[in-house]
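Please look at the sequence and the structure before reading on.

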Amino acid sequence: MEIMIGSERNELLSRSIRWKISMSIPLYGFLEGDTVGLLVLAEEGQTILDVARKLQDAASIRVAHREKVDVVYQGKAIDPKLTVNQAGLQALDRFDVIWSRNL
Amino acid sequence: MLSRDEWLPLARKLDWDYSYVREDEVFPEVISGRPWLSHSEWKDWEESFKTSYREYVDNQYEKDMAVIAVRDAVGRLENIQKLAVPWLNSLKIHAAALALAEFTGVIGNLRGARFGRDSAWRTMATFGALDEYRHTQIPLLLFHQLVRWDAQFDWAHKFYHTNNWFAVAARHFFDELTLGQNAIEFHIATNFVLETGFTNLQFVGLASLARESSDHMFERMITSIQTDEARHAQIGHPVLATVMKHDPEYAQYLLDKWFWRNWRLFSILTGVSTDYLTALDQRPHSFKEFMEEWILDQFLRTLDEFGLKKPWYWNIVEDELDIYHHMIYASAYTYRATLWFNFVVPGPAERKWLRQKYPKHWDDMDAVWEQVTERWRTIGPGAANEFAVHGTALPTFCDLCQLPLSAGTPRKNTANVLAHDGRKYIFCSEPCRWIFLREPERYASHKDVVKRVLSGEAPSQLPDLLTEYFRLTPETWGKDVLNGNYDWLGAK
């Protein structure tokens with residue numbers, strides 16, 4: 001098998017393409033406007049808004065940023081100030097980040 | 001002396017009544033399939049081609065000579081190098097997906113050649129196995145010469161030997177369809193659903209695309225394969241007719257299950273090739289037009305002839321015609337380094353055409369391409385910038401079809417989570433969930449790529465995932481065909 005040369009490997013790593021798994025909570029994230037669901041690694045104490053921003057950043061290659069978004073879990077909008085733990089999100093749950101319709 | 005037509009039935013109907021063994025010992029249900037019926041129910045099994053071995057060999061010899069003649073005339077490396085670059089990447093997809101998948105068809109047909117319930121069926125399945133072996137070797141032969149020029153063609157052989165995510169999906173499909181299947185389900189799922197329903201006509205369409213793209217080598221290869229398929233696909237009809245007579249509910253289940261599983265792979269291979277990897281001025285039709293004109297109407301008519309209902313999820317298939325392969329292509333473009341072929345960004349003219357052909361959801365897809373385009377504009381073209389216009393988070397996959405969770409629409413993805421026996425599963429669509437729940441024991445222990453990463457079976461860092469697990473290299477992983485250097489990129 002061909003070995004990846006150092007500079008190419010470093011280029012990849014320097015762009016933070018690291019799918020590092022730790023004690024995080026893996027979640028299936030779906031951003032409105034996107035074409036694929038993404039794995040989001042959340043922390044228990046992280047706010048829902050932070051998790052939503054993380055998904056938006058990860059999908060930014062395909063979906064333009066929107067400041068006003070809502071997070072939907074099990075069919076209901078959840079308070080973005082809640083932590084992941086408080087909101088009850090568990091490993092391999094689905095959450096959606098949708099464009100805010102509140103004008 | 002008997003005439004050919006008098007002699008052939010004698011040579012095809014060879015079964016006798018067993019005295020020293022039981023029939024279910026010769027044809028166990030587990031491998032012959034269900035419903036298990038005595039031979040009296042199968043003895044009238046018949047198909048229309050009725051080919052003798054000698055006729056088979058003579059025909060195949062002529063077809064092989066025709067393929068070789070075309071290869072010698074227009075299939076040399078210098079001919080291939082003149083083809084449009086996007087089309088070359090369609091070739092790479094088909095080269096990888098086709099060759100070894102056909103070899104799994106050898107194994108499935110050989111099971112029919114041994115465990116099919118009538119001698120005429122077994123005779124046809126023997127020819128079917130030989131056909132599929134031919135369909136394995138022809139692409140391996142034709143694409144082999146291209147490996148020295150472009151290492152991505154090496155995936156014609158390598159693909160199924162890797163844990164590349166698309167190879168995982170393809171193996172998940174073909175292992176069940178052909179390698180591990182009993183004779184009845186194999187012949188219904190492969191001959192009736194895949195070949196009669198999809199590939200027999202798809203190959204006609206694909207040959208047309210190849211002709212429009214001036215790829216006469218691929219056109220000849222596909223046409224030659226299609227003539228074999230038209231013959232051995234006939235095995236499925238009398239098998240299905242007998243199952244319909246004795247267990248119509250089971251026949252409907254097999255149809256519903258396998259139409260969906262075939263649709264998933266087919267829509268990606270053919271949809272992407274038709275609407276993105278064929279040059280705009282060489283597209284004879286859109287994928288949706290092709291499906292509606294060649295596949296769906298024809299298939300519904302065939303179902304009607306057998307007294308079968310259209311699958312319960314038919315409206316989902318019709319909806320997906322407008323969007324699924326577009327979502328897959330845009331997603332795959334932004335994860336192109338995870339695949340073994342290169343991608344093109346649809347330019348203004350292509351996007352105008354796509355809007356015209358797919359008005360229902362194109363606004364949402366256009367926004368995605370505008371975002372990708374804007375990233376290239378900001379970063380600037382060049383091979384060194386490939387990963388700056390690339391996804392950075394792990395994409396997710398369906399626990400049934402193993403393909404990306406790219407179903408539904410950009411506004412509303414249809415992925416759904418299921419808790420089953422203490423584990424969580426996610427499916428791209430309702431039909432994938434339904435298939436899982438009909439036979440959970442078959443599918444439940446399989447891990448998709450994400451769960452392999454989470455469990456530590458697969459590397460969690462992209463460079464290692466690409467090289468160690470997907471077996472790609474910097475030379476072979478997918479890139480933008482122009483490294484973002486499009487003439488139209490400067491003009492907004």
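The model is predicted. Chain B is built from 22 helices and two strands. Its radius of gyration is 23 Å, close to the 23 Å given by the globule rule for 492 residues, so chain B is as compact as a globular protein of that length. The C-alpha trace of chain B spans about 80 × 60 × 40 Å along its principal axes. Of the 492 residues in chain B, 52% are buried.

The largest nonpolar core has 163 residues, and Ala170(B) and Cys398(B) have the most contacts inside it. Helix H10 of chain B, residues 183–212, gives the most to this core, with 15 residues. What surrounds Cys398(B)? With neighbours within four places in sequence left aside, Cys398(B) is in contact with Leu403(B), Leu405(B), Ile426(B), Phe427(B), Cys428(B) and Cys432(B).

One peptide bond of chain B deserves a separate look. Most residues other than glycine have a negative phi, and most peptide bonds are trans. The bond that joins Arg34(B) and Pro35(B) is cis, with omega about 0°. Pro35(B) lies in the loop between helix H3 (29–32) and helix H4 (53–74) of chain B.

Chain A contains an open sheet of five strands in the order S2-S1-S5-S3-S4, with mixed pairing. Strand S2 (38–42) and strand S4 (76–78) of chain A stand at the edges and have a single partner strand each, so one side of each is left without a neighbour in the sheet. On average, and with direction ignored, neighbouring strands of this sheet are turned by 40° against each other. Strands of a sheet pair through backbone hydrogen bonds, either parallel or antiparallel. Strand S1 of chain A, residues 25–31, runs antiparallel to S2(A) and is joined to it by five bridges. Within this part of the sheet, Leu27(A) stands opposite Val40(A) in S2(A). Helix H2 of chain A, residues 48–58, lies across S1, S2, strand S3 (69–73), S4 and strand S5 (94–99) of chain A, and runs at about 145° to S2(A).

Two loop residues of chain A have a positive phi without being glycine. Gln74(A) has a phi of about 50° and sits in the loop between S3 and S4 of chain A. Leu92(A) has a phi of about 65° and sits in the loop between helix H3 (84–87) and S5 of chain A. Which of these residues is buried and which exposed? Gln74(A) is exposed because it has 12 other C-beta atoms within 10 Å, whereas Leu92(A) has 20 and is therefore buried.

The last step is the contact between the chains. Here 42 residues of chain B are in contact with 34 residues of chain A. On the side of chain B that touches chain A, two or more residues each come from helix H16 (324–333), helix H18 (362–379), strand S2 (423–427), helix H21 (449–454) and helix H22 (462–469) of chain B. H18(B) gives the most to this side, with six residues. By type, the residues of chain B on this side divide into 23 nonpolar, 13 polar and six charged.

Note on methods
Residues are numbered from 1 along each chain as its sequence is written. Chains are lettered from A and ligands numbered from 1 in the order in which they are written. This is a predicted model: local features need pLDDT of at least 70, side-chain atom pairs count only at pLDDT 80 or more; totals for chains, interfaces and linings use all residues. Two residues are in contact if their C-beta atoms, placed from the backbone, lie within 7 Å. Helices (H or I, at least four residues) and strands (E, at least two) are DSSP runs, numbered from the N terminus. Ala, Val, Leu, Ile, Met, Phe, Trp, Tyr, Cys and Pro count as nonpolar, Asp, Glu, Lys and Arg as charged, and the others, Gly among them, as polar. The radius of gyration is taken over C-alpha atoms; the globule rule is 2.2 Å times the number of residues to the power 0.38. Two strands pair if DSSP finds at least two bridges between them. Axes are lines fitted to C-alpha atoms, for helices over the stretch in contact, and angles run from 0 to 180 degrees between N-to-C directions. A nonpolar core is a set of buried Ala, Val, Leu, Ile, Met, Phe, Trp, Tyr and Cys residues joined through C-beta atoms within 7 Å.
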